[in-house]
Amino acid sequence: MPLLHNRINTKELKEKMLAETEPRTTISFYRYFAIPDPQAFRDTLYERLQTLSVFGRIYVAHEGINAQVSVPASRFDALREALYAFPELTGMRLNIAVDDDGKSFWVLKIKVRSQIVADGIDDPTFNPADTGQYLKAAEYNALVQSSPDVVVVDMRNHYEYEVGHFDGALEVPSDTFKEQLPMAVDMLQAAKDKPVVMYCTGGIRCEKASAYFKHQGFQNVYHLEGGIIEYTRKAREENLPILFRGKNFVFDARMGERITDEVLAHCHQCGTPCDNHVNCTYDGCHLLFIQCPECAQAFDHCCSADCRDAKANNVPPPPKANTGNPVFNKSKSRLRPFRPAGSDADITP
Ligand SMILES: [Zn+2]
Ligand SMILES: [Zn+2]
């Protein structure tokens, strides 16, 4: 019986990873395809990847697979072969993360989920396979620069848009993809006959969103192939002008990869230009917000004086504290739960 889970504690595993001398490459990939038995698929995948010292997190559902992993650089080709050995994954694009030290993961977790992207769509006639047209980086630039009619929509959450987005892109102010889909359709009613171009981090959300827009009667729906990650890689490789500005928010310890030097966001506490997402360090809070180094010092890495004082006085978290990283949302008076990758709801590569 092969070992299908890790048996060593995470602290030891992290130390082990940090002691590695070989550099790691961080890769994300996804594919929508029917998996009749997600648990069996998961177990086979775990066995194959574990022997290659792959770390990271992977979600497997009836509708497909979504992964963010790191692999020792010398084993990248072996990883690709291991994945392509599944006939359904042959030829799948592997997005290599830019600006990454490969130290975001120190354990391999593969989980079975009900969906790889929670969409909340309750319409049996919706066909997610009927997606919009893919745009490569050069095609994206050509299309948005050629026609003033083109509407560009950011299909990510508000805290992702806040630190970086494409020039002229429309923000749909939501916290989850589920909430965003109907909102975006409402906002774009007047653009039904115009070319609508959507993008997200790695392309997985737009795969569904573009199909949903078509389902809602939009005529010319495009989506950026491989998302911001692949766009940036291609644009750099082909020396194209990069029309994305700022930071690309990513769901791991880095919380963002810098694409251009521009800082679009502001510290939520003092308003100084800053685009560093952090979590409040008080255990009863863990709010996700943007904080500048000065405020980090003044508030002892907390989101507020209250949290700072509670932390200093060792006030235990309230019994039912929401420690699931709520999002600091200036546009709404209430705190909304932020679910980091690894949770059920809204996951993204
Ligand atoms: Zn500040
Ligand atoms: Zn706090």
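**Notebook: zinc site and strand S11**

I looked up the zinc ion (ligand 1) and found that Cys 267 (SG), Cys 270 (SG), Cys 292 (SG) and Cys 295 (SG) coordinate this ion at 2.3 Å. I note that the model is predicted.

I then checked the geometry of the site. The angles among the four donor atoms run from 105 to 114°, and the site is tetrahedral. Along the chain, the donors of the zinc ion (ligand 1) have the spacing C-x2-C-x21-C-x2-C. I located Cys 267 in the loop between strand S13 (257–258) and strand S14 (277–279), and Cys 292 in the loop between strand S15 (288–290) and helix H9 (293–298), so this pair ties together parts that are 25 residues apart in sequence.

Are these two cysteines buried or exposed? Buried means under 20% relative accessible area. Cys 267 has 4% relative accessibility and therefore counts as buried. Cys 292, at 1%, also counts as buried.

Next I turned to strand S11 (residues 220–224). Four of its five residues are buried, and the strand is mostly covered.

Which strands pair with S11? Strand S6 (residues 133–135) runs parallel to S11 and is joined to it by three bridges. Within this pairing, I found Tyr 222 of S11 as the bridge partner of Gln 133. Strand S10 (residues 195–199) also pairs with S11 in the parallel sense, over four bridges. Here, Pro 195 stands opposite Asn 220 of S11.

Finally, I followed the chain from S10 to S11. The path passes through helix H7 (residues 204–215), and I recorded this β-α-β crossover as right-handed.

Terms used
Residues numbered from 1 in each chain as written. Chains lettered and ligands numbered in written order. Predicted model: local features only at pLDDT ≥ 70, side-chain atom pairs only at ≥ 80, totals over all residues. Heavy atoms only, no water. Buried < 20%, exposed > 50% of the residue type's maximum accessible area, 1.4 Å probe, protein only. Helix = DSSP H or I, 4+ residues; strand = E, 2+ residues; numbered from the N terminus. Pairing = 2+ DSSP bridges. Right-handed = clockwise from strand over helix to strand, strands pointing away. Donors = N, O, S within 2.8 Å, 3.2 Å for Na, K, Ca; no water. Tetrahedral: all angles 85-135°; square planar, octahedral: opposite > 155°, others 65-115°.
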